[in-house]
Amino acid sequence: ALEAYTGAEPADARSTLFSVELLATSRPAQVLRPMVYASRSPDADLGKIHRDASGRGIFCGLHGAQFCNRSVSWVEMGSSAEDETVVVTIRSLYGPVFAQGKVSVRPESSGLSARVLAGGWAAEIRVPAGGPPRQLALEYSGSFQHAMLVFAGAPDPVLPTAQRERTLCFGPGVSRVPGSGVLQLPAGRDTILLARGAWLDGRINITRHDQGPIRVLGHGIISGRRFTYHGGAVPDSLRSIEVQFDRPLHLSGPTLVDPKGHALFVPPHSSVSDLKVLGWLYNEDGVWLSTNTTLSRSFVRTNDDSIRLYAGALDGFNNLPRPPRNQPARGVVVEDVVVAQLFNGAVIQLGWEDAGIQDSIVRRVDVIGAEWYKTAGLEPNDAVVSLRPPVYDVGLSEHHRNLTVEGLRVEAPVGRVVGVGLFGCATRSTLHGLTVRDVVIQQPLRWWP
């Protein structure tokens, strides 16, 4: 059966720009009117980036204000093969914004299209049911200023009895972590289930030095909106899910929204699929990946490095055991990921403070947006594939080898596809065998807009 959350919580995260109707064409047909979530650009936090001599935030007065007063709305649904097709009808609540000939479904590799209805007040997408997760963006009037996303995944998992006894469950509706907002995973639990429609205001900390894999399952949402951007308290800087380095993480389904810092660090020997990350700010990196990890069928929309392959020291949060400082990461696999890059950071980042990435592959990444503008090419991480040199730990020696990036599909205008630099390293660093092939760039190279 078709799954979607039809409640109304949290009310302050409900889209005021779009409503959605879902029709499953199975017999009998099923109609749902789901919650359409929304996140709005944190213009006050963006103001911390640029200040005048008196300390007043002036960011929204720069660059034609095109990066402020924005929003992203999204609907999340699950279906199985017997549903055949799900007809997604998106209705505008703020005007006839869908013009004939100017509405499209991204990425183009989805093979889907949109039909304009009701004189431009609605658009319809027919999404095949079942199959692998799809992350779709409706582009209209040539703009993503008020983005509308459709996340189509599988039904929520049904856990066996033995696993349910070790599971921390969050049902539909809002759950607010009390106190500092950081939930310590209780002893004896190794699974977290975020049901479709669950909204967790807080972070989850899994660093109490137990053993064995951790599973985070289900299609609910973890929000970091309560935390302070660049705040001084530790909870402000933790990731949405903080996992100790020696416990593999197997994550499938959740959405991480407004993380107010790096969204997710994935320990070695882990797997992540059907992850959605929605961020706005500097330092809201999407996903960090280390040795023998996979990222697949996921979506990242953020304002710093979206997919970061990583090896070296991790952080100062007393996460024990610490990652080995000078040991490269190996065996990272990224495939079938959609990225909407904002005005900072790389789509695929191999560098920064990084001991080296080796014997790893990135394949089939769709870049549906990229808004690099500020430095017009002076920042090496303003690139689809970037190897940025160390900035803070210049004594770190980087040794990269046998890296393959293939099947890139770049639908947005970009100023640089590959940016590689090891300049500034205080010790000898090396790069041997970087292969970039099968790249499709649909528009001439240029900086945004």
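1. Start with E406 and R363: they form a salt bridge (a side-chain nitrogen of Lys or Arg within 4 Å of a carboxyl oxygen of Asp or Glu), with their closest N and O atoms 3.7 Å apart. The pair links distant parts of the chain, since E406 sits in strand β34 and R363 in strand β32, 43 residues apart. Helices (H or I, at least four residues) and strands (E, at least two) are DSSP runs, numbered from the N terminus. Salt bridges with shared partners join R297, E335, D336, R363, R364, E406 and R437 into one network.

2. Before going on, keep in mind that this is a predicted model: local features need pLDDT of at least 70 and side-chain atom pairs count only at pLDDT 80 or more, while totals for chains, interfaces and linings use all residues. Residues are numbered from 1 along each chain as its sequence is written, and side-chain values use heavy atoms, with hydrogens and water left out.

3. The whole structure has 23 salt bridges. One of them joins D201 and R225, with the closest N and O atoms 3.1 Å apart. D201 lies in strand β16 and R225 in the loop between β19 and α3, so the pair ties together parts that are 24 residues apart in sequence. D201 is buried at 5% relative accessible area, whereas R225 is partly exposed at 28%. (Buried is under 20% relative accessible area, exposed over 50%, partly exposed in between, with a 1.4 Å probe and protein chains only.)

4. E398 is a curious one: it is buried yet has no salt bridge, and the nearest side chain of opposite charge, R308, is 7.9 Å away. (Lys and Arg count as positive, Asp and Glu as negative; His and the chain ends are not counted.) E398 sits in the loop between β33 and β34.

5. Now the cores (sets of buried Ala, Val, Leu, Ile, Met, Phe, Trp, Tyr and Cys residues joined through side-chain atoms within 4.5 Å). The largest nonpolar core has 55 residues, and L264, V334, I348, V365 and V384 have the most contacts inside it. Strand β32 gives the largest share of this core, five residues. A second, separate core has 31 residues, among them V75 and L112.

6. Finally, there is an open sheet of five strands in the order β3-β2-β6-β9-β8, with antiparallel pairing. Strands pair if DSSP finds at least two bridges between them. The edge strands, β3 and β8, each pair on one side only. Strands β2 and β3 pair over three bridges, and Q30 in β3 is the bridge partner of A24.
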